[in-house]
Amino acid sequence: MKKLKLLLLGCLILGASPVFCQEDDLTPAEIQYRDSIAALNETNAAVARSQEAYNKGITFFQEKNYKAAIQQFKTSIEADPNFTAAFYNKGVVENEDNQFNEAVKTLSSLIAKKQNYAKAYFQRGRAFQGMNNYLAAEKDYKTAIELDATNPKSYYNFGTLQFLQQNYEEAIVSFTKTIELDNNMAFAYNDRGSSYRMKGNYAKALADYEEAVKRNPNLAFVLNNIGTTKKKMKNYDAAIASFNRAISLDGKFYLAYANRGATQMAKGRIDDAINDFKKCLTIEPKYALAYNNLAAAFLKKKQYQEALDAANKAINIDKSYASAYVNRGLAKEMLRDMNGACEDWEKAKDLGSETGNSYYAQNCGM
């Protein structure tokens, strides 16, 4: 080292005027030392650039500016291809921005570098689930759980996947494990309740929904679920009370208006039902079910042209809505358009409606 220092000093200030060293003046060891210092400085600068971009990405992510965050994480990775946190957060943001294909690519690159990274498998599972690739998602969730059996989110997401595939018993197991790991996760109680409801176990469904409300009383969709369950149990007044609570929390919650309207129909309050369906449609004008229910309400009031118009709107939104064809057929029948009624009932029959099949057989068969 002393020799190197002396040589460098001599090269800079030898004699009365500057003298510049030539490459041949350095020994191989001195050249290697100089190059290693240069490489280290370049690496340090790249790491600094990577960290700066990463920090900007985190800030943009917190501001929900996902496009800008993704670009910063990309810059961070380009400066330091071994910065695994940048890969991970890029994948997370791509999931949040519904860029599921890109998230799979990013997280697969991370997993190739760090194969035992449970959270990366969890996030890639989310991406596959977003792409409706349930088999790949299931495999990743299982791997995430094998690598880290203490993360409630892995069990929860696995449960949602099982629910979507109508594996309600398995979903209940996953949500139960989620709750064991995190007793305050309101969503897990809600979704386990929905699994019980799909199995027809309304008592357990209500118990879970109520637990979800205890943990977070501001979830309007949970109160809506309580209402729909109580409606199935024909406890109409309690159902309406739950829908009222949901609407008080979220005045734009169109599903609660639609469900309250259906409950009003069940109680024979047709005008109240019509008002709810109309309110629903002012919030969500593309909700075919509300138009179909509105058509059914107008049929009850013998307002056949209004029923026809509402059924037409339902069918314009959803060409495969069998019940809307049934109701439009009924309106046409009462408006003396029997040919049109039979066409609609036949269409409903072809779409699998038993009611449409019955009307067609009784009124239109040869």
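Analyst: Let's start with Ser353, which is buried, as its relative accessible area is 13% and buried means under 20%. Keep in mind that this is a predicted model.

User: Where does Ser353 lie?

Analyst: Ser353 sits in the loop between α19 (338-350) and α20 (354-363).

User: And which residues is Ser353 in contact with, leaving aside neighbours within four places in sequence?

Analyst: Those are Ala322, Val326 and Ala348.

User: What about Ser154, buried or exposed?

Analyst: Same cut-off, under 20% for buried. Ser154 has 1% relative accessibility, so it counts as buried. This serine belongs to helix α8, and beyond four places in sequence it touches Phe122, Ala144 and Ile145.

User: Now the largest pocket. How much space lies in it, and which elements give two or more residues to its lining?

Analyst: The space is about 330 Å³. The elements giving two or more lining residues are α4 (84-96), α6 (118-130) and α8 (152-164). Helix α6 has the largest share, with 4 residues.

User: Which residues line the largest pocket, and how do they divide by type?

Analyst: Among them are Tyr88, Glu96, Lys119, Phe122, Arg126, Asn151, Tyr156 and Met185. By type, the lining divides into 4 nonpolar, 3 polar and 4 charged residues. Notice Phe122: this residue lines the pocket and is also touched by the buried Ser154.

How values were computed:
Residues are numbered from 1 along each chain as its sequence is written. This is a predicted model: local features need pLDDT of at least 70, side-chain atom pairs count only at pLDDT 80 or more; totals for chains, interfaces and linings use all residues. Side-chain values use heavy atoms; hydrogens and water are left out. On a 1 Å grid over the protein atoms alone, a cavity is a set of points where a 1.4 Å probe fits but cannot get out, and a pocket is an open set with protein on both sides within 12 Å along at least five of seven lines; lining residues have an atom within 4 Å of a point. Grid points are joined across faces, edges and corners, and a volume is the space filled by probe spheres set on the points. Ala, Val, Leu, Ile, Met, Phe, Trp, Tyr, Cys and Pro count as nonpolar, Asp, Glu, Lys and Arg as charged, and the others, Gly among them, as polar. Buried means under 20% relative accessible area, exposed over 50%, partly exposed in between (1.4 Å probe, protein chains only). Contact means heavy atoms within 4.5 Å.
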